[in-house]
Amino acid sequence: MSQQPECRVEGNYIVVPKGLVNVIVDETKISGVDPKGEATIYRGYTIEDIGEHASFYEAAHLILFGRLPCDEELKEIRSKIDKYRGQIPEKLFDAMKHVPVTHPMFYGIYGTALLGQYYAPEWRFDEDFLYDHALRLAAQLPVIFTTGWNLAHHGTFLRPDPSRDHAWDVLRMIIMREPSDIEARAFESTLVLYMDHGFNASTFTTRVIGSTLSDLYSAVAGGIAALKGPLHGGANEKAMEMFLDAMKKAEEKGVPLYDYIEEYIKEKLARKEKIMGFGHRIYKLHDPRTDVAAKFVAKLKDGEFWMKVLKKAEEVMWREKKIPANIDLYTAVLYYQLGIPIPMYTPIFAMGRVVGWSAHYIEQVLNNKLIRPTEKYVGPTGLKYQPIEERC
Ligand code: ACO
């Protein structure tokens with residue numbers, strides 16, 4: 001592992017390491033690694049406890065409002081999310097019919113911006129208003145993604161059914177069939193595991209935009225753009241592409257994937273390639289979210305086969321590089337087991353993380369300080385403008 005550089009003082013300025021590695025930029029009560037560095041916490045609970053047991057509604061209530069809901073609160077958050085899921089502005093569906101077929105994360109970026117045009121022309125900062133929009137966006141972002149994807153690939157789409165459970169209904173819209181209970185619960189658990197994670201790149205982006213006192217929709221559109229990159233949310237897609245490539249080669253050799261994956265990974269490492277779904281800025285020993293996802297992978301289609309592949313890949317990466325698997329390795333396989341098209345994997349990450357983005361946006365704007373670091377300019381100085389004919 002590379003040595004992390006330290007902060008130093010230069011005159012009135014603090015110079016921090018590239019990538020803000022190990023730099024604390026603010027406090028949050030929403031989520032993060034506990035002070036002992038032993039667990040990732042959602043508002044006091046471990047991420048694996050909530051990931052394994054909480055429904056989407058319960059986890060969303062916890063992340064947004066700071067506590068697990070009582071009966072009445074659960075009914076309220078459920079009825080709002082379900083109602084809003086069915087209330088997308090009709091013109092937004094029309095708009096989605098007239099855009100080129102691209103990566104579905106673009107649907108999220110401009111679909112969220114379009115929602116902002118409907119809901120946020122005059123933005124306010126009172127708490128009820130902010131929380132109401134957080135629930136609206138959590139309910140409607142999945143509909144934007146699934147509508148965009150299905151229109152582009154099937155020429156039609158399924159409308160939301162507000163009478164059904166959120167996670168079940170969203171999965172139904174993605175795979176265009178009714179999921180079983182275990183499929184819906186496995187999917188729901190990944191939404192909860194993805195829901196928040198401290199000041200990760202997309203959440204920090206959302207907070208930076210919030211700190212300018214822009215509206216929630218603009219801030220979340222920025223968060224989605226940051227999540228799209230392969231070093232962040234895009235890794236779950238790349239991990240599955242890697243497994244499929246390895247599977248093809250294993251079939252050519254006539255061996256099962258779990259017997260071939262070691263050779264495949266070692267060859268990639270020898271070429272200095274990164275293995276997607278491994279490594280994490282915070283988790284250097286173990287990503288606890290993988291334990292919860294693994295329990296569901298084991299219960300879904302071909303679970304035994306996939307667990308053998310995953311465990312072998314983890315064993316090889318630990319032996320060769322001392323790098324642990326991250327959540328994306330497991331969700332990649334889990335989504336494949338559910339029959340979800342690979343380009344929808346990162347959008348699903350966003351469907352969970354949108355709750356965390358909103359919570360962080362609200363925490364930021366209600367106790368705001370513009371986030372604006374200072375650069376160290378190292379380019380030339382003293383140059384003078386020259387007319388074009390004198391330049392070369
Ligand atoms: N495969 C091979 N080598 C790796 C991997 C990997 N997946 N991850 C890290 N390394 C190596 C790096 O090459 C580097 O080696 P070096 O010191 O010889 O240069 C060393 O480990 C440190 O890695 P960094 O990239 O500097 O670590 P950083 O904390 O900056 O990055 C990151 C973490 C970006 C997640 C990295 O591990 C990575 O690129 N992983 C693959 C992409 C991925 O799975 N992303 C998902 C993250 S989890 C999430 O977003 C939910």
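Two residues are in contact here if their C-beta atoms, placed from the backbone, lie within 7 Å. With that cut-off, take the contacts in the protein chain between residues at least 6 apart in sequence: 73% join residues at least 24 apart.

Some ground rules. This is a predicted model: local features need pLDDT of at least 70, side-chain atom pairs count only at pLDDT 80 or more, and totals for chains, interfaces and linings use all residues. Numbering starts from 1 along each chain as its sequence is written.

Overall picture next. The protein chain has 16 helices and 5 strands. Those are DSSP runs, numbered from the N terminus: helices are H or I with at least four residues, strands are E with at least two. The C-alpha atoms fill a box of roughly 65 × 55 × 55 Å, along the principal axes.

Now to helix α8, residues 181-193. Where does α8 pack against α16, residues 345-365? Their axes are 7 Å apart, at an angle of about 65°. Axes are lines fitted to C-alpha atoms, for helices over the stretch in contact, and angles run from 0 to 180 degrees between N-to-C directions. On the α8 side, Thr-190, Leu-191 and Val-192 make the contact. On the α16 side, Ile-348, Met-351 and Gly-352 do.

From α8, the contact residues include Ile-182, Ala-186 and Leu-193. From α13, they include Val-292, Ala-293 and Phe-296.
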